[in-house]
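Colleague: I would like a close look at one part of this model. Please keep it plain, and then show me what lies around it.

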Amino acid sequence: MAKAATGTVNLHGRTGVRIVVAGDQGTGKSSLIITAAAENFPLNVPPVLPPTRLPEDLYPDRVPVTIIDTSSRPEDSDKVAEELQRADTIVLTYACDRPETLENLSTFWLPHLRKLEVKVPVIVVGCKLDLRDENQQVSLEQVMSPIMQQFREIETCIECSASRHIQVPEVFYYAQKAVLHPTAPLFDQESQTLKPRCVRALKRIFILCDHDRDGALSDAELNDFQVKCFNAPLQPSEIRGVKKVVQEKLSEGVNERGLTLTGFLFLHALFIEKGRLETTWTVLRKFGYNDEIKLADDLIPPLKRAPDQSVELTNEALDFLKAIFDAFDGDGDGMLRPRELDELFSTAPESPWSGTPYEDAAEKNAFGGLSLDAFLSEWALMTLLNPTFSVENLIYIGYPGDPSSAIRVTRRRRLDRKKQLSERNVLQCFVFGPRKAGKSALLNYFIGRPYAESYSPTTEDRYAVNLVDISMENKKYLVLREIPEDGVRRLLSNKESLASCDIAVFVHDRSDDSSWRTSSELLVEIAGHGEDTGFEVPCLIVAAKDDLDSFPMAIQESTRVSQDMGVEAPIPISVKLGDFNNLFRRIVTAAEHPHLSIPETEAGRSRKQYHRLINRSLMVVSVGAAVAVVGLAAYRVYSSRKNSSG
């Protein structure tokens, strides 16, 4: 592990690094560039150089470097700003013999980069080192420390002299290195510690390399790790040296079995502190991580599917998740508490279920714990909404198989309707209804939350997911998606918005006439959108607040609408009384038979009748034409016979 990567292979996925050099006039920008490229100090320097390419083999990473010189004339400021915004990294120059140019870095150049929203590493370079006044010798650290504290985007500071060939190649080496091996994602300069995402990635790598799962890397495992990352084995003396360095600073970094996770992390912090970021980046990239310390996109299988197809976990993935659940259920109580869940996802960049839509989507106990059903429900929801993200997190927590074996694309809904049966294990139900109809209360009950009298309006789409038992052999994950009343227009602005919907539920407050009217209008609107786009969905009407007296004419109105549209009569429920009339089973059953419970609007009925008339007319014309043809043929036969007999 003490050996750095040879760099003969480009692991960065980059075709080049674009370095833009900027700074006050006369600070030595052009001279610095020419000296680096030609290895000669120029006597005559043009005002601005054309783009300059450094030899590819100049630095170990073998990534081409293009250096862009910039003008110092005020009239060229727009062009300079454009170049700065296109940079991979920026070299800001000042002249060691002119203190005002150093001051301009913090008063103009660095604030200017922030104003332009340029978020790339910055290398500060003091040029003309040979001209500095010998009576004003100050260490670079003393000069730059206050500026670096204020501007964290500064990656490195260096002084050089183009005329004396002092540290000129190093300037662009550090600039390239800042792009290929950046500090910011790995290390917090203020606290001098590894950043959380870096720790999580290194922990996952450690676990993958700990083949015998004993919590330490043995000498053999350390050697395997070294060969994988750096294509070179470690000698026994080198392994002893690595462990000795760790043990001298950190007693718990090494035990009788080998290098512990604590020691492994300490080593990487040590590499970074010593400026050897390429070592840690080589390790991360060998295990598939990109510059954001997330798995590179090409590790995740691409998914091709039609709008009315969804994605589910396979039995292989579910079996893996059940085993993971058991492994992290430390106290064996059949629940994953928040601490246990955090540990489970400690090898992912972040916990995938923090924040919406997952944080409050599944049933939890009083301590915030998830049962196995709730745990698998969260995975079902994540796979439905973002299958790539779901596969990523399976890999992060140690899924051993081919990523493509973890998911399957379902049959198209149109085919389900023809087959008169849905084959899906995860069903999505859109929940519509006016404000205060009881949508949120319905979702809350579904995931085991107590009834609350207070009203809190839902402003964004919200999800709830749980397992619904239809029978011993038939269990489905049901996802309820609550759509606020004012979110319907936004939803329907997309032609394919109902393609992902297996069934729609329309909730109204049965004690409120206006609630019923709004809900029935929504039903007509959604049914019409389905007819227009070809994504019709089964629908159910839910009469909430059955503990209250219904509004006058409620039965007649609901019966009329149900019969007119060809859907089941409203299902009465009371969240307050806990009376749900088997609603969730009925939702699943209706979704499993997608050819039934599809509402029909007046416009849809007229359209069907029109098509029937057209088809009937075409059939009459076809039959008439056929008769005419037969008649003509018969006449020709008769005529030919008559002529022959004559």
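Which residues have the most contacts inside the largest nonpolar core, and how many residues does that core have?

Modeller: Keep in mind that this is a predicted model. The largest nonpolar core has 78 residues. Inside this core, I205, F375 and W379 have the most contacts. In soluble globular proteins, nonpolar side chains tend to be buried together.

Take F375 and look around it. Leave aside its neighbours within four places in sequence. F375 is then in contact with L321, F325, L336, L341, L344, W353 and L370.

Next, find strand 19, which covers residues 503-509. How many of its residues are buried? Seven of the seven are, so strand 19 is largely enclosed by the rest of the structure. Now check which way the residues point. I503, V505, V507 and D509 point one way from the strand. A504, F506 and H508 point the other way. The residues on both sides are buried.

Strand 19 also has partners. Strands of a sheet pair through backbone hydrogen bonds, either parallel or antiparallel. Strand 16, residues 426-432, is joined to strand 19 by four bridges, and the two run parallel. Here F430 has A504 as its bridge partner. Six bridges join strand 19 to strand 20, residues 539-544, and this pair is parallel too. There, F506 stands opposite I541.

Is K495 buried or exposed? Its relative accessibility is 56%, so K495 counts as exposed. K495 still touches H529, T533 and F535, not counting residues up to four places away in sequence. For a sense of span, compare K495 with E159. They are 336 residues apart along the chain, and 60 Å separates their C-alpha atoms.

Three strands form an open sheet in the order 9-11-10, with antiparallel pairing. Strand 9 (216-217) and strand 10 (254-255) are the edge strands, each pairing on one side only. Two bridges join strand 10 to strand 11, residues 258-260. In that pair, V254 stands opposite L259.

Now turn to two helices. Helix 7 (residues 219-230) and helix 10 (residues 277-286) have axes that come within 9 Å and cross at roughly 90°. That makes helix 7 roughly perpendicular to helix 10. On the helix 7 side, the residues are F225, K228, C229 and F230. They meet T279, T282, V283 and K286 in helix 10. By class, this contact has four nonpolar, two polar and two charged residues.

Last, some backbone details. Most residues other than glycine have a negative phi, and most peptide bonds are trans. A cis peptide bond joins T356 and P357, with omega about 0°. P357 lies in the loop between helix 12 (338-344) and strand 14 (370-371). H165 is not a glycine, yet its phi is positive, about 55°. Look for H165 in the loop between strand 6 (154-159) and helix 5 (168-180). With a relative accessible area of 43%, H165 is partly exposed. N581 is not a glycine either, and its phi is positive, about 55°. N581 is in the loop between strand 21 (571-572) and helix 20 (583-592). At 32% relative accessibility, N581 counts as partly exposed.

Note on methods: Residues are numbered from 1 along each chain as its sequence is written. This is a predicted model: local features need pLDDT of at least 70, side-chain atom pairs count only at pLDDT 80 or more; totals for chains, interfaces and linings use all residues. Side-chain values use heavy atoms; hydrogens and water are left out. Axes are lines fitted to C-alpha atoms, for helices over the stretch in contact, and angles run from 0 to 180 degrees between N-to-C directions. Angles under 35 degrees count as roughly parallel, over 145 as roughly antiparallel, 65 to 115 as roughly perpendicular and the rest as oblique. Contact means heavy atoms within 4.5 Å. Ala, Val, Leu, Ile, Met, Phe, Trp, Tyr, Cys and Pro count as nonpolar, Asp, Glu, Lys and Arg as charged, and the others, Gly among them, as polar. A nonpolar core is a set of buried Ala, Val, Leu, Ile, Met, Phe, Trp, Tyr and Cys residues joined through side-chain atoms within 4.5 Å. Buried means under 20% relative accessible area, exposed over 50%, partly exposed in between (1.4 Å probe, protein chains only). Two strands pair if DSSP finds at least two bridges between them.
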